[in-house]
Amino acid sequence: MSVRRSIGATAIAAGLLMTVGSAAAYDESKYPDFSGYWRRAGSVRGELRGAAFDPSKPFGREQKPPLTPEYQAIYEANLDDMAKGGQGIDPTYTCLSPGMPRVMIPYQGMEIVVTPGTTYVLFQRDWDFNRHIYTDGRGFPADMALEPRYLGYSIGKWLDTDGDGRFDTLEVETRGMKGPRVYDASGIPLHTDSETIVQERIYLDKADPKLMHNDITTIDHALTRPWTVKQAYRRVVSDKPIWFPHEVCGEGNNHVGIGKENYFLSADGYLMPTKKDQPPPDLRYFKKDNQ
């Protein structure tokens, strides 16, 4: 077990003790079975469209996000930079967290641990961190007096939508996110004011309990209207799912960001351009050979 996984398990165990008080106080039969190892399910046709934010549409421009003219122009410039070999505005090449809502496109495994007061979403990749969805009845802090974070601050509420006396849907709202963030690897931008609100409805498929749905609605000032997409996750069928060692994004990462440019570190340790005719970095703070 990795140190990170061990720490996560300890935190969850502590949360159980604080929120439950005793095993008898927690009737897990009232909650849906979200246990297991979940992977991204892709579109309704089973395709994985390059980790597209909307899995029902092709990756990239065909996502047709409802961006304002200003942010559509930013997106187009980003795609043009990528076509020339650049990284566009996607900050994750430097190992920054994808943040919300992008982390809910799990590139690798995802685990959901339900407790009465908090639902934990654990990701296999190191830079995605873990989500805490508070379901203990609290509201958002007054004036959101919290330090912004990539995953934001999530408040959840369990719903019994069919009236059978058991919860079946987790309704979540997330605020307090910080940037820079984009929706997916094509660089679809969110507004720089970081006032994004993300709403989710997470539930199991009634016909297939190994399929989980997450209806994600993003409210953001870079959009002309709220944008709703339907993500889906497939449970890996195993009584002993394997959590592989975490991928450490910084290990072997040869991207070097200097100013507004991205360069590449060659195998022999020298800086290389990533685009044709890319200018070298500004060396104003280095002594020139002829000085």
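Along the sequence, the elements of the protein follow the pattern α-β-α-β-β-β-β-β-β-β-β-β-β-β, which amounts to 2 helices and 12 strands. Helices (H or I, at least four residues) and strands (E, at least two) are DSSP runs, numbered from the N terminus. The model is predicted: local features need pLDDT of at least 70, side-chain atom pairs count only at pLDDT 80 or more, and totals for chains, interfaces and linings use all residues. Residues are numbered from 1 along each chain as its sequence is written, and side-chain values use heavy atoms, with hydrogens and water left out.

Of the 291 residues in the protein, 44% are buried; buried means under 20% relative accessible area, exposed over 50%, and partly exposed in between (1.4 Å probe, protein chains only). The accessible surface of the protein is about 15,800 Å², and carbon and sulfur atoms hold 56% of this area. Such areas come from the Shrake-Rupley method with a 1.4 Å probe; for residues, only the protein chains shown count as cover. Among contacts (heavy atoms within 4.5 Å) with a separation of 6 or more, 56% are between residues 24 or more positions apart.

Phe-264 has Met-272 in β12 as its bridge partner. This second hairpin has 5 residues between β11 and β12, and Gly-269 in the turn has a positive phi of about 85°.

Asn-254 sits in the loop between β9 (227-235) and β10. Beyond its neighbours within four places in sequence, Asn-254 is in contact with Tyr-263, Phe-264 and Leu-265. Its C-alpha is 9.5 Å from that of Gly-269, at 15 residues apart in sequence. Because its relative accessible area is 30%, Asn-254 is partly exposed.

Leu-265 also belongs to a nonpolar surface patch of about 200 Å², together with Ile-258 and Leu-271. Patches are made of residues with over 30% relative accessible area and no salt bridge, like charges being joined within 9 Å and nonpolar side chains (Val, Leu, Ile, Met, Phe, Trp, Tyr) within 5 Å. A salt bridge is a side-chain nitrogen of Lys or Arg within 4 Å of a carboxyl oxygen of Asp or Glu. Leu-271 lies in strand β12 and counts as partly exposed because its relative accessibility is 39%.

How values were computed
Pairing = 2+ DSSP bridges.
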